[in-house]
Amino acid sequence: MGREDDEYLSTDEVRAKLSCLLEADLLRLRRMAELQAKKLRNCDPDDLLSDGLDRVVSGARRWPRGVETAPFMRMVFGSIVSSRACLLYTSPSPRDATLS
């Protein structure tokens, strides 16, 4: 394990941290996902919550040590929404394809 790896929680540590969440914690995460999802049309908060948790558990999104669950997940949800928005606004529309 390198120095950079020491800055992040391991997959086992992430799973342990998430398994300790209480129902109130999950409701708070759901509410955060709901607030972020409102930034995009047709963004389902439950899908956003699930996508965020999947990315964290799979290690696709690494969790820095010392960062609490709520702020970290808020960043994860915000990042997902931001990347989806970029895709929406940078992808050519079907209308643009017919113009070329």
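This short talk goes through salt bridges in the structure above.

A word on the source. This is a predicted model, in which local features need pLDDT of at least 70 and side-chain atom pairs count only at pLDDT 80 or more, while totals for chains, interfaces and linings use all residues. Residues are numbered from 1 along each chain as its sequence is written, and side-chain values use heavy atoms, with hydrogens and water left out.

A salt bridge here is a side-chain nitrogen of Lys or Arg within 4 Å of a carboxyl oxygen of Asp or Glu. That rule gives six salt bridges.

Take Arg-65 and Glu-13, whose side chains meet at 2.9 Å, N to O. Arg-65 is in the loop between α4 (45–58) and α5 (69–90) and Glu-13 is in helix α2 (residues 11–19), so this pair ties together parts 52 residues apart in sequence. Helices are DSSP runs of H or I, at least four residues, numbered from the N terminus.

On accessibility, buried means under 20% relative accessible area, exposed over 50%, and partly exposed in between, with a 1.4 Å probe and protein chains only. Arg-65 is partly exposed at 37%, and Glu-13 is partly exposed at 30%.

Next, Asp-46 and Arg-30 form a salt bridge at 2.5 Å, N to O. Asp-46 sits in helix α4 and Arg-30 in helix α3 (residues 23–37), 16 residues apart. Both residues also belong to a network of salt bridges with Arg-31 and Glu-34.

Last, Asp-51 and Arg-55 pair at 3.2 Å, N to O. Both lie in helix α4, four residues apart, about one turn of the helix. Asp-51 is buried at 18%, whereas Arg-55 is partly exposed at 30%.

Technical notes
Helix = DSSP H or I, 4+ residues; strand = E, 2+ residues; numbered from the N terminus.
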